[in-house]
Amino acid sequence: MIIIPNIEILKGTTFLVVDNSKLVYRAMRTMFRRFGIESLFAARADEVIPLAIEHNVDAIILDINLPNGDGIRVCKALRENDSTKSLPLIVLTGLNDPEHHIAALDSGADDFVGKPPQPQVLLRRISTIVAQRRAEEENQNLVQALGRYISPATINQAKYNKGVERITATLLFSDMRGFTAASYSHDAADVFTGINDALGLQSEIVRDYGGYVDGFSGDGMIAVFDSADSTDQALRASAEIIKQARVTDTSIWNPLPIGIGLNRGEMIRGDLGSDSRCSFTVIGSAVNVSARLCGVAKAMQAVASQSVVEASSDSFTFEDPTFVNLKGLPKAVPAYTLIVP
């Protein structure tokens with residue numbers, strides 16, 4: 001009786017066997033069926049990728065010694081094709097030559113097995129690779145799902161633990177005008193839906209223009225733009241948010257009364273909280289100024305600081321500044337309203 005660890009993971013899978021001998025394939029097919037594995041056969045190199053894609057196979061077993069050196073070429077072609085580049089790939093070789101084995105691995109094979117293959121060895125190696133691929137897919141799906149709830153910067157912090165860092169970035173702070181009044185005059189569920197629509201609209205725009213949402217607070221949002229082109233990215237995002245706010249109708253607001261504050265400066269980014277619960281965020285006076293400027297902005301208006309205007313390109317125009325007193329600052333500062341056509 002053959003005992004293969006993790007064999008359950010292979011039940012219901014489909015393998016593509018690529019070999020110039022149909023007798024070899026028939027022997028493998030008989031073995032696979034004992035473990036609930038389906039299989040397909042390809043004798044020519046040009047059949048491999050079309051069959052793999054059409055039948056959505058779970059692994060490929062390839063005779064590296066196909067005529068005219070096609071085995072190596074098939075390996076490379078599989079890894080260069082977007083639909084097959086991640087498929088588990090085991091090569092069969094009858095050559096007792098380390099250089100030949102290395103050539104197969106360098107061409108994209110995950111592992112190799114001697115020919116004729118021993119069932120225990122072949123299935124164990126396939127099951128290991130299939131399990132690894134599934135774990136990688138689950139991890140990617142988890143990261144993608146987490147991306148709805150936490151920022152890319154937070155995911156990177158969890159992966160690489162950069163600690164506390166000092167960065168220069170442009171911040172976009174937004175919130176809704178008249179939110180408190182709306183919360184008293186409308187049903188809570190309608191208010192939640194309206195806020196969700198407004199924040200969803202803004203967060204998609206922030207992502208499209210190269211920033212990330214650091215967090216939400218009630219009807220407000222803070223977004224960070226930390227690339228080399230951060231100021232122009234933040235201004236483009238702000239202009240697009242204002243344009244969309246003018247034409248967006250929700251169950252409560254039409255148009256969306258969004259106000260935006262923009263500031264550029266140095267800040268600290270890192271974990272705040274405890275080992276059991278923390279938030280990866282930005283803090284500093286630059287963050288506070290962006291929030292204060294947001295308070296100055298009227299509905300469908302983006303107000304920028306002097307540092308943003310000085311760092312912006314000629315693509316943007318601003319109204320003449322007004323001097324405003326911001327909480328925490330010793331004197332009035334200039335505030336520039338972005339002109340959005």
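For the classes, Ala, Val, Leu, Ile, Met, Phe, Trp, Tyr, Cys and Pro are nonpolar, Asp, Glu, Lys and Arg are charged, and the others, Gly among them, are polar.

Before I go on: this is a predicted model, where local features need pLDDT of at least 70 and side-chain atom pairs count only at pLDDT 80 or more, while totals for chains, interfaces and linings use all residues. Residues are numbered from 1 along each chain as its sequence is written, and side-chain values use heavy atoms, with hydrogens and water left out.

By pocket I mean an open set of points on a 1 Å grid over the protein atoms alone, where a 1.4 Å probe fits, with protein on both sides within 12 Å along at least five of seven lines; lining residues have an atom within 4 Å of a point. Points are joined across faces, edges and corners, and volume is the space filled by probe spheres set on them.

So, that second largest pocket: about 300 Å³. Of its 14 lining residues, V57, D58, L87, P88 and E137 are the closest to the centre. α2 (45-54) and α5 each give two or more, and α5 has the largest share, four residues. Helices here are DSSP runs (H or I, at least four residues), strands likewise (E, at least two), numbered from the N terminus.

Now the largest pocket, at about 1100 Å³. Among its 36 lining residues, G147, R148, Y149, I150 and S151 sit closest to the centre. α8 gives the most, nine residues. By class, that lining has 17 nonpolar, twelve polar and seven charged residues.
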